[in-house]
Amino acid sequence: EKKSKNINIRRKVLSPRTAAIPENRVRSTSNTQEEKEAFFFHSGIMHDELIDAALHGPVYKTKFTVTGRTQEFKDPKTLKDPMLGKQVELNGKTLALFRHGLQVYAMEDKCCHQGAKLHRAREILIEDIEELGSSCSTETKRGLCVICPAHHYRFDLDTGRCLHHEGYAQQVFPCKVDGDTGEVLIGFRNFSKDQFEGDLDF
């Protein structure tokens, strides 16, 4: 006999464990239309559990080449930085969670290039990201990118777009943080079919 799953969808916050969270207790880490249309699930992961990537950026040193030119290279000590992401299984998806300062990001964990696990990334950098503006002209913004640990492809944490290949993109998900408990909530526009196995209590 299958156990029933209690899913609370009041205020668009879903959890098998707790009642809905009042809106004034939830701190949004983004402000997009996708967030407004999403149903949020409790991840079971606290904001403070995530490593702050802002404190673990790579350190570059400068050296002189035989031609007299300067060249930057990464300090080998920083290559031993911890894995910055955390993997979570939620709503039928395997996600990688990242934190940069107060901001939390959720992205599909499996890299669309060759399947590496993005939560194992050791670098999140601020990059120049080109976008198509409203007038069809190219605009450049500064954004955060996670670097795939396998082949170093860069993915925009806001959009999931790959900076190296137009055909590659990761699915991203909006995040909120419970202002009282610090738990990370992750938004989905659709429910996994696994959520509807057994008897539901709405």
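A polar contact here is a pair of N or O atoms within 3.5 Å, where one must be able to donate a hydrogen and the other to accept it. That cut-off is used at one stop of this tour, which runs through a predicted model.

**Stop 1**

Select residues 86-90, strand β7, and residues 93-100, strand β8. The two run antiparallel and are joined by five bridges. They form a hairpin with two residues between them, and N91 in that turn has a positive phi of about 50°.

Centre the view on A96 in β8. Q87 stands opposite A96, and in β9 the bridge partner of A96 is M107.

**Stop 1: the largest nonpolar core**

Stay on M107 and show side chains. M107 belongs to the largest nonpolar core, which has 19 residues. M107 is among the members that touch the most others, along with F98, I124, V146, C148, F155 and L157. The elements giving two or more residues to this core are β8, β9 and β11 (138-147).

Next select F155. Not counting residues up to four places away in sequence, F155 touches residues including M107, L144, V146, C148, Y168 and Q170. The cysteines C111, C112, C145 and C162 are also among its contacts.

A separate core of 15 residues can be shown in another colour; I45, L95, F173 and F188 are among its members.

**Stop 2: the cysteines**

The cut-off for a disulfide is 2.5 Å between sulfur atoms. C145 is buried, with a relative accessible area of 0%. Move to C162, which is in no disulfide either; the nearest cysteine sulfur, that of C112, is 6.4 Å away. C162 is buried as well, at a relative accessible area of 2%.

**Stop 3: Q170**

Finish at Q170, in the loop between β12 (154-156) and β13 (172-173). Is Q170 buried or exposed? Q170 is buried, because its relative accessible area is 3%, and buried means under 20%. Its side chain reaches the backbone oxygen of E108 at 2.9 Å, which falls within the 3.5 Å cut-off for a polar contact. Leaving aside neighbours within four places in sequence, Q170 is in contact with E108, M107 and F155, and also with K110, C111, C112, L118, T159 and G160.

Terms used
Residues numbered from 1 in each chain as written. Predicted model: local features only at pLDDT ≥ 70, side-chain atom pairs only at ≥ 80, totals over all residues. Heavy atoms only, no water. Pairing = 2+ DSSP bridges. Helix = DSSP H or I, 4+ residues; strand = E, 2+ residues; numbered from the N terminus. Buried < 20%, exposed > 50% of the residue type's maximum accessible area, 1.4 Å probe, protein only. Contact = heavy atoms within 4.5 Å. Core = buried A, V, L, I, M, F, W, Y, C linked by side-chain atoms within 4.5 Å.
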